[in-house]
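Please read them with the structure open.

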Amino acid sequence: MGLANGPVAVQIEEARERPPRGPIRDAVEASKLFRSLRPDAPIIYGGWHPSLLTGETLREDFVDVVVRHQGENTLIEILQRMEAGQPLDMVQGCWFKQNGQIRMNSDRPSIPLSNLPLPAYDLIDFDAYARSSGERKLPYATSIGCPYACNYCTDMVFYNRRFNAHDVDRVVKEVTGLVRRYDLTEVALVDSNFLVDVHRAVAIAEGFVRAGVPFQWTFQASTDLLCRMTDAEVCLLAQAGVSHMGFGTESASQEVLALMNKKHQRTLEAIFKQPVLSNVIWKDVESLMRYLKTEITEGEGSRVRFALNGVRATFHRPHPKKETDKGALVSVRRFLENAGVKP
Ligand code: B12
Ligand code: SF4
């Protein structure tokens, strides 16, 4: 569309000189400017806010299409269709406006990260970033999503509680390769919760050490996951170059933690604990199931049926005791695994 070096690009560059005022305000301002300069060009939004408030976003005059959730394949398909002059009716993962009406297409199933090709890092001008920020730094996602359900966090709505991760070899090869090629000094892992799979995180750190490429890296994770690591594993993180770990400060109040739904996280961990625990309260298992939006139907007597993500199972509520017996807990664990839920 000739935007790269034309007058539109110049005006957008000028607007960028102004100090940022926050992502939404900046996006609104940039879109209005762009619309006034190129009223014929479609404007496509994507990312967290537009995915969570799609209707509200599309009601704005300057938004034509919203890509919901994971964006790569949806955006490509939209662009291909637009180029071919075809309608967007069948493009999964997007909502769009047609004659002033909002059309809601179905969501696109998420793609395993490993099915995506390598991003075109050669298009990034790392020198330009270094000139303006003084840092040779790369943000990199080794995973997306988090299996937990803290109720103040949008992750579970956005990624549906699926932990979708690159395999260890790809992360090690890609990150160390990029550090070498672009002479980077720091890599910021932007995963929602890098330590969800502690073994994987440790294997990545080991891979970085083996590669022998010096760089600093940072990540964010929930505090209780770090507590699961041994001292030796934490030392390995430091040896591998970790310079900063980001943790959310939650609360020292049990009541507030319960309101945040931290309890479900602990129940899920207890269900997967080895050796199998004998003190997991059945009521907690059921409230975890409700939280996961499991379909629960009452059977005869003490029977209760669960259905989640196409997986079904029947259990007996323990009585008169409150604790789940070990055999039943193993079955609950198998049910969750089959439904794609893991701690
Ligand atoms: C890194 C990060 C930051 C960095 C950004 C650094 C940088 N320069 O990129 C910093 C620390 C600055 C930051 C700040 C803030 N952040 Co932040 N941040 C993240 C984090 C951890 C990673 C984002 C990322 O790169 N992910 C990797 C990419 C691959 O995934 P993605 O962003 O989801 O993108 C995919 C889709 O969303 C979609 N997509 C995304 N954008 C677009 C655009 C288009 C056009 C299309 C078609 C598709 C599309 O396609 C992508 C590929 O599938 C996310 C949480 C997370 N793990 O994602 C929070 C997150 C985005 N941040 C969040 C928030 C709230 C903030 C702050 C407002 C916090 C505050 N109160 O100050 C500020 C805003 C600052 C600002 N001015 O923008 C929230 C947003 C919540 C929401 N909207 O519901 C998140 C989701 C964290 C959370 N769970 O609460 N953040
Ligand atoms: S553990 Fe962190 S990323 Fe995961 S749901 Fe809770 S707050 Fe969100």
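**Notes on the model**

1. Asn99 counts as exposed because 5 C-beta neighbours lie inside 10 Å. The cut-offs are these: a residue is buried with 20 or more other C-beta atoms within 10 Å of its own, exposed with 12 or fewer, and partly exposed in between, with C-beta atoms placed from the backbone. Phi of Asn99 is positive, near 50 degrees, and Asn99 is not a glycine. Most residues other than glycine have a negative phi, and most peptide bonds are trans.

2. A word on conventions. This is a predicted model, in which local features need pLDDT of at least 70, side-chain atom pairs count only at pLDDT 80 or more, and totals for chains, interfaces and linings use all residues. Residues are numbered from 1 along each chain as its sequence is written, while chains are lettered from A and ligands numbered from 1 in the order in which they are written.

3. The overall picture. The protein has 15 helices and 13 strands. Helices (H or I, at least four residues) and strands (E, at least two) are DSSP runs, numbered from the N terminus. Of the 343 residues, 23% count as buried. The C-alpha atoms fill a box of roughly 75 × 55 × 35 Å along the principal axes. Take contacts between residues at least 6 apart in sequence: 62% join residues at least 24 apart. A contact here means C-beta atoms, placed from the backbone, within 7 Å.

4. Domains. There are three entries: domain 1 (3–104), domain 2 (113–246) and domain 3 (254–338). The bounds come from an automatic or database domain assignment. The C-alpha centres of domain 1 and domain 3 lie 43 Å apart.

5. Strand S2 (residues 65–67) runs antiparallel to strand S3 (residues 94–98), with 3 bridges between them. Strands pair if DSSP finds at least two bridges between them. Val65 has Phe96 of S3 as its bridge partner. S3 is also antiparallel to strand S4 (residues 101–104), through 4 bridges. There, Trp95 is partnered by Met104 of S4. S3 and S4 make a hairpin with 2 residues between them, and Asn99 sits in the turn.

6. Ligand 1. Which residues come nearest to ligand 1? Of the 24 around it, they are Gly46, Gly47, Trp48, Val67 and Gly71. Strand S1 (44–46), helix H3 (48–52) and helix H5 (72–83) each give two or more residues to this shell. A residue is near if its C-beta atom, placed from the backbone, lies within 6 Å. Domain 1 and domain 2 each supply at least three residues to the shell. By class, the shell has 13 nonpolar, 8 polar and 3 charged residues. Ala, Val, Leu, Ile, Met, Phe, Trp, Tyr, Cys and Pro count as nonpolar, Asp, Glu, Lys and Arg as charged, and the others, Gly among them, as polar.

7. Ligand 2. Its surroundings include Cys146, Cys150 and Cys153. Tyr148, Asp155 and Ser222 are also among the residues there. The shell splits into 5 nonpolar, 3 polar and 1 charged residues.

8. The cores. In the largest nonpolar core, of 30 residues, Val175 and Val187 touch the most other members. Elements giving two or more residues to this core include helix H8 (168–182) and strand S8 (186–189). A core is a set of buried Ala, Val, Leu, Ile, Met, Phe, Trp, Tyr and Cys residues joined through C-beta atoms within 7 Å. Beyond four places in sequence, Val175 touches Tyr140 and Val187. A second, separate core of 14 residues includes Trp282, Phe306, Leu329 and Val332. In soluble globular proteins, nonpolar side chains tend to be buried together.

9. A buried loop residue. Leu195 is in the loop between S8 and H9. Leu195 counts as buried because 22 other C-beta atoms lie within 10 Å. Beyond four places in sequence, the contacts of Leu195 are Ala201, Ala221, Leu225 and Leu226.

10. Backbone points to check by eye. Arg161 has a positive phi of about 60 degrees and is not a glycine. Arg161 lies in the loop between helix H7 (155–159) and strand S7 (164–165). A cis peptide bond joins Gln274 and Pro275, with omega about -10 degrees. Another cis peptide bond joins His319 and Pro320, with omega about 5 degrees.

How values were computed: Contact = placed C-beta atoms within 7 Å.
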